Amino acid sequence: MANKIKKDDNFLELVPKKTGKYKWETNEDGFVKIIIPRDGVLDKIVRFFFKTPKEMKIDLDEQGSWVWKLIDGKNNIEDIGSSLKDEFGKKSEPVYERLGTYINILRNNNFITLEKVSD
């Protein structure tokens, strides 16, 4: 299904997919919370001395949560952007610039991967 992404591939046609490394949940308002375990050796040492929590939780905002829920390995970035426009209207503008930045942040932090669907 997936091929190696090339520099000249259309970004909007790429399909984001959650890596499955992290658990996530929704709160009563429908916002997503990504839960990152802190179980590395350094994390355990820091937790011992500084009494930090075993998990780090990242709360996504309304639009970030909307995007996260649409990342299912089937919707491409263009589909997600279109859904954002439909749901949030002008509040989401400029949609594709903001979405592109957000997708890259998720990818750079290993929350998602991007795949090119076979032709």
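Select Gln63 first: this residue sits in helix α2. Helices are DSSP runs of H or I with at least four residues, strands are E runs of at least two, and both are numbered from the N terminus. The model is predicted, so local features need pLDDT of at least 70 and side-chain atom pairs count only at pLDDT 80 or more, while totals for chains, interfaces and linings use all residues. Residues are numbered from 1 along each chain as its sequence is written, and side-chain values use heavy atoms, with hydrogens and water left out.

Is Gln63 buried or exposed? Gln63 counts as buried, at 13% relative accessibility. Buried means under 20% relative accessible area, exposed over 50%, and partly exposed in between, with a 1.4 Å probe and protein chains only. Now show the contacts of Gln63, leaving aside neighbours within four places in sequence: Leu84, Phe88, Lys91, Ser92 and Arg98. Contact means heavy atoms within 4.5 Å.

**Next stop: α2 against α4**

Select both helices. Their axes come within 12 Å and cross at roughly 70°. Axes are lines fitted to C-alpha atoms, for helices over the stretch in contact, and angles run from 0 to 180 degrees between N-to-C directions. α2 and α4 are therefore roughly perpendicular to each other. The classes are roughly parallel under 35 degrees, roughly antiparallel over 145, roughly perpendicular from 65 to 115, and oblique for the rest. On the α2 side, pick Gln63, Gly64, Val67 and Trp68; they meet Arg98, Leu99, Tyr102, Ile103 and Leu106 in α4. Colour this contact by type: 6 nonpolar, 2 polar and 1 charged. Here Ala, Val, Leu, Ile, Met, Phe, Trp, Tyr, Cys and Pro count as nonpolar, Asp, Glu, Lys and Arg as charged, and the others, Gly among them, as polar.

From α3, select Ile77, Glu78, Ile80, Gly81, Ser82, Leu84 and Lys85, which meet Val95, Tyr96, Leu99 and Ile103 in α4. This contact divides into 7 nonpolar, 2 polar and 2 charged residues.

**Into the core**

Which residues touch the most other members of the largest nonpolar core? Select Val67, Trp68, Ile103 and Ile112, out of 20 residues in that core. A nonpolar core is a set of buried Ala, Val, Leu, Ile, Met, Phe, Trp, Tyr and Cys residues joined through side-chain atoms within 4.5 Å. At least two residues each come from β4 (32–37), α2 (62–70), α3 (77–88), α4 (95–108) and β6 (112–117). α4 gives the largest share, 5 residues.

Centre on Ile103. Beyond four places in sequence, Ile103 is in contact with Phe11, Pro16, Val67, Ile71, Ile77, Ile112 and Leu114.

Step to Leu114, in strand β6. Leu114 is buried, with a relative accessible area of 9%. Its C-alpha atom is 8.9 Å from that of Ile103, 11 residues apart along the chain.

**Out to α1**

Select residues 41–50. Of the 10 residues of this helix, α1, the number buried is 1, so α1 lies largely in the open. Lys51 follows, with a positive phi near 50°.

**Zoom out**

Of the 119 residues, 29% count as buried.
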